[in-house]
Amino acid sequence: MSTTADPIAALGALPGVADSVDSVRKAVDRVYGHRIMRRRSNEITSEAALRGARGSAALSGAEWALEEVRRRTDFSGDEEARTVGAALRLTAESGQLLSIWRQSPLRVLARLHLVAAADSTEGAGRPRLAGEPVDEPLVELPLPDADEVAGRLEGLSRLIIAGSAAPALVTAAVVHGELLSLRPFGSHNGLVARAAERIVLVGSGLDPKSICPAEAGCAELGRAAYVAALDGYASGTPEGMAAWIAHCGKAVELGVRESAAVCEALQRGAA
């Protein structure tokens, strides 16, 4: 990232980023303007939460059909079931942490990991220590050591607390990319990173009702594209950073499309 006083905002000037921001804003405005939103927004929020959790779990290796996620009540079985359960818990928990995020993002991240791990992982709720392993098979980037993780988490926290003039999409993409690149916890880093992105998108006012599940869009774009875009973020090059932000923007737009389809289905049912 840039070394300017507002390094996140500086990313907004990268080639193509403004177009991504504008496209996302227009897509979000369209779905919020749908007539069904005036009467049944709570139903759309609930459905978006389910689809977002399903998408996040899919990116972490648990590719379940939406109806299976919807009908299941016990997620204590195999590893895939536990992953889906963790994604659902994080979706529910994220909405409770919005007011804390801007004052204490590190506290929120610790809480997210504790919720995801459900006390089943040693070191749950704290960044990993030197020598501790990380279980994150999707991401094959070089693993930063514990000291680098601590320093970069602190830097990210300061930037969030200070606030930024950057568009919400840019800030959300940086939070997502930084956490997934660092993998600060021993497990569930992808789930936590995507939940943190959701908190930024909602808390910023871009998606205040949480009806635009970016996680579902990321899953639709595919794991290979997700990893390739993350490699661009981790490279730190302007082109790589811009490509990651564009990928996150496209994921939000695809999430918007999911909720727009739900709106249309509800409207047909009410007709």
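**Pockets, burial and ring pairs**

Modeller: The lining of the largest pocket receives at least two residues from each of α5 (79-94), α7 (105-117) and α10. Helices here are DSSP runs (H or I, at least four residues), numbered from the N terminus. The model is predicted, so local features need pLDDT of at least 70 and side-chain atom pairs pLDDT 80 or more, whereas totals for chains, interfaces and linings use all residues. Residues are numbered from 1 along each chain as its sequence is written, and side-chain values use heavy atoms, with hydrogens and water left out.

Colleague: Which helix gives the most to the lining of the largest pocket, and what volume does this pocket have?

Modeller: A pocket is an open set of points on a 1 Å grid over the protein atoms alone, with protein on both sides within 12 Å along at least five of seven lines; a cavity is a set where a 1.4 Å probe fits but cannot get out, and lining residues have an atom within 4 Å of a point. The largest pocket has a volume of about 440 Å³, and α5 gives the most to its lining, with 7 residues. In total 26 residues line the largest pocket, and E79, T83, D135, S187 and H188 lie nearest its centre. By class, its lining divides into 10 nonpolar, 9 polar and 7 charged residues.

Colleague: Which residues are closest to the centre of the second largest pocket?

Modeller: The second largest pocket holds about 350 Å³ of space. Of the 25 residues that line it, A49, T91, S94, R198 and S210 are the closest to its centre. Here α3 (37-59), α5 and α10 each supply at least two lining residues, and the classes are 13 nonpolar, 8 polar and 4 charged.

Colleague: Is D207 buried or exposed?

Modeller: Buried means under 20% relative accessible area, exposed over 50%, and partly exposed in between (1.4 Å probe, protein chains only). D207 has a relative accessible area of 2%, and therefore counts as buried. D207 is found in the loop between α10 (189-203) and α11 (214-221).

Colleague: What does A86 contact, leaving aside neighbours within four places in sequence?

Modeller: Contact means heavy atoms within 4.5 Å. A86 is in helix α5 and is buried, with a relative accessible area of 0%. A86 is in contact with A116, H188 and L191, apart from those neighbours.

Colleague: How many aromatic pairs are there?

Modeller: Rings of Phe, Tyr and Trp (its six-membered ring) pair if their centres lie within 6.5 Å; planes under 30 degrees apart are stacked, over 60 edge-to-face, the rest tilted. The count comes to 3 aromatic pairs. The rings of Y226 and W244 have centres 6.0 Å apart and planes at 45°, so this pair is tilted. This pair links distant parts of the chain, with Y226 in helix α12 (residues 223-235) and W244 in helix α13 (residues 238-270), 18 residues apart. Both Y226 and W244 are buried, and ring pairs link Y226, Y233 and W244 into a cluster.

Methods. Points joined across faces, edges and corners; volume = space filled by probe spheres on them. Nonpolar A, V, L, I, M, F, W, Y, C, P; charged D, E, K, R; others polar.
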